[in-house]
Amino acid sequence: MTISQQKRNEHACNICAADANELIHVDCASHIYPDGSLGIHGMCFRVLEKEIVALCGPNGSGKSTLIEHLNGLLRPTSGSVTVMGKNIDLSHADIWRDVGVVFQRSDDQLFAPTVLDDVMFGPINMGISVEQARTEAMGALKAVGAENLSDKMPGYLSGGQKRLVCIAGVLAMKPRVIAMDEPTSDLDSLHAEIVENIILNLKKNHGISIVVATHDLDMAARISDRVCIVKDGSIIAEGKPSSIFYDKNLIEMSGLRQPKVVQIYEGITKNLGIVMENYPITADELVKTIAPMIRQN
Ligand SMILES: Nc1ncnc2c1ncn2[C@@H]1O[C@H](COP(=O)(O)OP(=O)(O)OP(=O)(O)O)[C@@H](O)[C@H]1O
Ligand SMILES: [Mg+2]
């Protein structure tokens, strides 16, 4: 996308009026990279307390650019980003305490000589003692199933191991919001499930809100409270997984494919000539919905 494609955005967002429970508010933000590429434009997005929100969109749609605005790594060219009620351009120097980001490329995040040093870096930077930082770091590594990697050099880890260590590094700082960019893209199914459970646990037991950019719509359907469809730098639709993922036109027009559960359920109801009344979104819901249909037929 080029600047010539950019729509002008001079007015504050009237789509996403401020919400009392919001932790982050991205208000009509656009970002133009130095080479003139448009990363996001007119982007309106917010993160509420204790929610898991999925960003789903094709390659190049602006998911990573949006995520990098959530903790001030990138600043909007126009529009604004507010975190915990503070405009990040004006006063929020320690925004990283509130919002942690797990990058799409793990190598962008790892830098210390050992895994433990890397995960301890954040807590030490927050001013806690080295001993306490070590305890926090080991706890975070254990939470992602990577405590056995603590003495290894980050550069020698596999792609999936690096990803787990990056997640631990953010977990160790206990932020209010964690944004994860493709957190399961290079994990085997066991570790992808571990990460999925970590995300659910962070919300349930720690009250942390999670933003997940993902191409894995099956995972988004399983874990998210809200799905945002990102296309050409903007959010073109958002809502509960059951309403977004059953909108076949929307999903296909966005260059995506519906989650497997949705495809199966639509196929079965079409095949049996049944009108859809429920909208199962997880495998469990699918089984509970179709078992009575199969018994009747
Ligand atoms: N550093 C950069 N310099 C110039 N253009 C960039 C840069 N980073 C991203 N872009 C451009 O910004 C747009 C959005 O890219 P972004 O990485 O945010 O997409 P994405 O949705 O995360 O894609 P993917 O699913 O492939 O990770 C793309 O057109 C991309 O080429
Ligand atoms: Mg990306």
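This report covers the domains, the sheet and the ligand shell of a predicted model.

## Basis

Residues are numbered from 1 along each chain as its sequence is written, while chains are lettered from A and ligands numbered from 1 in the order in which they are written. In this predicted model, local features need pLDDT of at least 70 and side-chain atom pairs count only at pLDDT 80 or more, whereas totals for chains, interfaces and linings use all residues.

## Domains

The chain splits into domain 1 (1–98 + 176–190 + 204–257), domain 2 (106–174) and domain 3 (259–297). These bounds come from an automatic or database domain assignment.

Eight residues of domain 1 are in contact with seven residues of domain 3. Contact is C-beta atoms, placed from the backbone, within 7 Å. On the domain 1 side, α6 (217–223) and α7 (241–244) each supply at least two residues. Helices are DSSP runs (H or I, at least four residues) and so are strands (E, at least two), numbered from the N terminus. The largest share, four residues, comes from α6.

## The sheet

Six strands form an open, mixed sheet in the order β6-β7-β8-β3-β9-β10. Strands pair if DSSP finds at least two bridges between them. The edge strands are β6 (99–102) and β10 (234–239). Strands β3 (residues 52–56) and β9 (residues 226–231) run parallel, joined by four bridges. Val53 stands opposite Arg226 in β9.

## Ligand 1

Ligand 1 has 14 residues around it; Tyr33, Ser37, Asn59, Ser64 and Thr65 come nearest. A residue is near if its C-beta atom, placed from the backbone, lies within 6 Å. Helix α1 (residues 63–70) gives the largest share of the shell, three residues.

Conventions:
Contact = placed C-beta atoms within 7 Å.
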